[in-house]
Amino acid sequence: MALEKSDVEKIAHLARLHIDATEAQEVANRISSILDLINQMQSVETRNVAPLAHPFDAVQRLRPDVVTEKNEREYLQKIAPSVQNGLYLVPKVIE
Amino acid sequence: MVWETVIGLEVHVQLDTKSKLFSGSSTTFGAEPNTQAGIYDLAMPGTLPVFNEAVLRMAVKFGLAIDAEIGRRSVFDRKNYFYPDLPKGYQVTQLAFPTVGKGSLQITLEDGSEKVIGITRAHIEEDAGKSLHEDFQGLTGIDLNRAGTALLEIVSEPELRNAKEAVAYLKKLHAIILYLGISDGNMAQGSMRCDANVSVRQLGAKEFGTRTEIKNINSFRFVERAINHEVQRQIEIIEDGGRIIQETRLYDADKDETRSMRSKEVANDYRYFPEPDLLPVVIDEAYIESVRAELPELPNAKRARFVSQYGLSDYDAGVLASSREMANFYEEVVKICGDAKLSANWVTVDLQGLLNKSDLDISQSPVSAARLGALIGRIKDQTISSKIAKTVFEAMLGNEQSVDEIIESQGLKQVTDSGAIEKLVDEVIAANPEQVAQYRAGKEKVFAFFIGQAMKVSKGKANPDQLNALLLQKLKG
């Protein structure tokens, strides 16, 4: 299965990855070869195999419903580019 | 052309846990911005989620309450999108293997009939933070206190056929959630949020029409208005020869209209994949049974019991069982006064009327169950008449005196002394010879006039049964 350059551009946009025009074709080729591998795997008979959600054969451990985190706002906001009134400031997201 | 409306609801319920879904941060409502947003909630590199057991228990509890299939093995997935109130760049949710599978909810329609609405699934997911778009010199302020709070998203089948059914469904869901105690259900604070998928089609058509999704509906009243508005908009477009575009629309309560938010084609590309930071959640029969043992009596079961145990009408039983607080209040009143029917009347008519008038919830009732029970007890033992009881009820609102003190201090005790009532009857008959003559000439309607007069003279305190009997006897005499 061949991936078009435009597919790469769309995925890159959705993932907010910067891939410039010269790289896009090369990336398309590389992903296409991964998809070829997956296609090859599609031919394996898997009807009696349960879908794998995680490579570890283990189940999720649960945590009791207890508050364990302290308020560390001051400490955490030191590394934020911009804060005001306790809020993190980001470029405006709606017009 | 006759149109049929097709509605499916997606309801997000904020689960009432102390800590977040995957972190030990507090979930208290109304805290200072970002004081409850720890390193996992902020998506700091290297932090990992640990699943909160209380969330699983609440989800299973809800599943059992709607007779749903419980996922013995549920899997978390990442739903990828970029928005600043979602620091990780993905929301952890459950796509293919939710904790709660197919179930159903029985709703009561306005004409009293019942309808069963299918529930497709209910899955566990994280809430996002809040964006504040004003007052930051062209920037957006982000508060991540809510980020990572546990939600249960309950998805209905497209089986609701008008806005009123949607409201009935939502109210029933709300009641069950409060019965189970898994959320405070506060719609104004966003603990319960509703999105509606709405489409129209010609009556009898097999295919669904193109749907729109209305977001941001935060009250029962708005659900009805937003849906009705959207249905009207779609019909007008189609009848004018246009086509409905699949999109997300926002309901604006101030303008009572929906408007387009964003086109779904691109936004819908969430590129889900299994969350590698979490293992599958496996639950066994013993766990499910331990949750089942915690289930309270639910609205339908309670209603049936009220009918059989107290001899109430199906309607009254339904009203009383509609909320857990109301049902508990009612049963306490019955326990005190011993009269189930009188209690039902007082709670559903007088008390409910008062609460509606002052926009209060039963939990904020100015009259406690103990006092209302005492009042009804005094009607039952004939200390006061039902009519006088309403006067006492009014008086109870203004002061803390006991029911008996009010009756005593205001001289409201019913007159049951037959001598006193006889004297009263004699007076009324003597004072109205003209009406007596009319009555004796066969005009029996005048009887009501005498009752009225006697009640007026006794200030409503004469025992009505005794008064009736004596008047009849004397007038016939």
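Trainee: Which side chain meets Lys10(A) in a salt bridge?
Mentor: That is Asp269(B), with N to O at 3.0 Å. Keep in mind that this is a predicted model.

Trainee: How many salt bridges are there between chain A and chain B?
Mentor: The count is one. Polar contacts across the interface come to 22 residue pairs.

Trainee: Which elements of chain A supply the side that touches chain B?
Mentor: Helix H1 (5–14), strand E1 (62–63), helix H3 (73–77) and strand E3 (87–91) of chain A each give at least two residues. E3(A) has the largest share, with five residues. By class, that side of chain A has 20 nonpolar, eight polar and eight charged residues.

Trainee: And what area is buried there?
Mentor: About 3900 Å² between chain A and chain B, with 62% from carbon and sulfur atoms. Gln60(A), Arg63(A) and Asp65(A) supply 19% of what chain A buries against chain B, more than any other three residues. In terms of contacts, 36 residues of chain A touch 54 residues of chain B.

Trainee: Which strand of chain B is joined to E1(A)?
Mentor: Strand E2 (residues 51–52) of chain B, through two bridges, and the two run parallel. Leu62(A) stands opposite Phe51(B) there.

Trainee: Switching topic. How many salt bridges over all chains?
Mentor: The structure holds 38. One of them pairs Glu230(B) with Arg249(B) at 3.5 Å, N to O. Glu230(B) is in helix H3 (residues 220–239) of chain B and Arg249(B) in strand E13 (residues 247–252) of chain B, so the pair ties together parts 19 residues apart in sequence.

Trainee: Are those two buried or exposed?
Mentor: Glu230(B) and Arg249(B) are both buried.

Trainee: What about Asp350(B) and Lys390(B), how far apart in sequence are the parts they tie together?
Mentor: 40 residues, because Asp350(B) lies in helix H9 (residues 340–357) and Lys390(B) in helix H11 (residues 386–398) of chain B. Their side chains meet at 3.1 Å, N to O.

Trainee: Why does Asp350(B) count as buried?
Mentor: Because its relative accessibility is 19%, and buried means under 20%. Lys390(B), at 42%, is partly exposed.

Trainee: Last one: which residue forms a salt bridge with Glu422(B)?
Mentor: Lys474(B), with the closest N and O atoms 2.9 Å apart. Glu422(B) lies in helix H13 (residues 418–431) and Lys474(B) in helix H16 (residues 464–476) of chain B, so this pair ties together parts 52 residues apart in sequence. Glu422(B) is partly exposed at 33%, and Lys474(B) is partly exposed at 23%.

Definitions and conventions
Residues are numbered from 1 along each chain as its sequence is written. Chains are lettered from A and ligands numbered from 1 in the order in which they are written. This is a predicted model: local features need pLDDT of at least 70, side-chain atom pairs count only at pLDDT 80 or more; totals for chains, interfaces and linings use all residues. Side-chain values use heavy atoms; hydrogens and water are left out. Contact means heavy atoms within 4.5 Å. Buried area is the accessible area (1.4 Å probe) that two parts lose on being put together, summed over both. A salt bridge is a side-chain nitrogen of Lys or Arg within 4 Å of a carboxyl oxygen of Asp or Glu. A polar contact is a pair of N or O atoms within 3.5 Å; within protein, one must be able to donate a hydrogen and the other to accept it, and residues adjacent in sequence count only if both atoms are side-chain atoms. Helices (H or I, at least four residues) and strands (E, at least two) are DSSP runs, numbered from the N terminus. Ala, Val, Leu, Ile, Met, Phe, Trp, Tyr, Cys and Pro count as nonpolar, Asp, Glu, Lys and Arg as charged, and the others, Gly among them, as polar. Two strands pair if DSSP finds at least two bridges between them. Buried means under 20% relative accessible area, exposed over 50%, partly exposed in between (1.4 Å probe, protein chains only).
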